[in-house]
Amino acid sequence: MSFLKPKPILNRNELKQIKQSRTKLEGKKIITDDVRKLKSLKVTPELAPDEQIKYYKEPIWIEYYIPKESRFALETKYLYILLINVIPRETDFILKEAIEKDTFIDLLKLIEEKKDYSKLIKTSYKYHLGMLETISYNITQFLENKDPEFLKSPIYLTEVIMMYEPTLATLEVLGDYALYNLQWLIRKMNTIQYSFSLEDRTIALLIKRRNQYFEEKKLPEDEEFELLSALFFEQAYPHRGADALSEQDFLIT
């Protein structure tokens, strides 16, 4: 697997200054540090088409003030988050098979085909069987018709199901199947170049997994990723650390 190795555009002190220099306009945080540094961020990283499939792409809106023109300018850059593969446990035979065959884990079909696990899965997802039916129907339709519209419901419903994980079935036999399914869906959407968006909490999870992986593997830091991910959290969670804000953090009119 190849990784993006961008030329550093900021040193640590400059990155810290940008993260800490912020203000507000109409309830939205705005980065107010050196405009040149913000404009120097690439719109998208330099990735080959086959590499882009391995990333989730999130638009980041950068708003900055141009004093000479007395106006705010808005630019869109893209945060590319590497999808870190799910590692199955020794006992996760269903997950291992799905990874090996690159197939979606359809719980409704598992209920029908794996009688040993049927009761456990039904009990664990008794309040979500309707969602499982919708996911199963749409995945089947996508595999038969290759129509990307059929992937929209499964990806959003999978996000919902992830909110209620882990279940007993997950802990005993399924492993981290929901995250695997989510990333399978993202890659399919990327392959057919179909635009979609994930929930902020899901994106935060993908960022956390990516950062943990880079830390564990002792991979070089990517200043552009760090800055764009910081901007993402500013936009997604504008009141994060609100207790630490001072008068200088706000635009006074």
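Before you click, a word on terms: two strands pair if DSSP finds at least two bridges between them. Strands (E, at least two residues) and helices (H or I, at least four) are DSSP runs, numbered from the N terminus. What you see is a predicted model, where local features need pLDDT of at least 70 and side-chain atom pairs count only at pLDDT 80 or more, while totals for chains, interfaces and linings use all residues. Residues are numbered from 1 along each chain as its sequence is written, and side-chain values use heavy atoms, with hydrogens and water left out.

Of its 253 residues, 42% count as buried, meaning under 20% relative accessible area with a 1.4 Å probe, protein chains only (exposed is over 50%, partly exposed in between).

Now select residues 55–66, which are strand 3, and residues 71–82, which are strand 4; the two pair in the antiparallel sense over 12 bridges. Together they form a hairpin with 4 residues between them. Click on serine 70 in that turn: its phi is positive, about 50 degrees.

Next, pick isoleucine 62 and look across to strand 4, where glutamate 75 stands opposite. Is lysine 77 buried or exposed? Lysine 77 is buried, with a relative accessible area of 3%. Its side chain joins that of glutamate 75 through a polar contact of 3.2 Å; such a contact is a pair of N or O atoms within 3.5 Å, and within protein one must be able to donate a hydrogen and the other to accept it, with residues adjacent in sequence counting only if both atoms are side-chain atoms.
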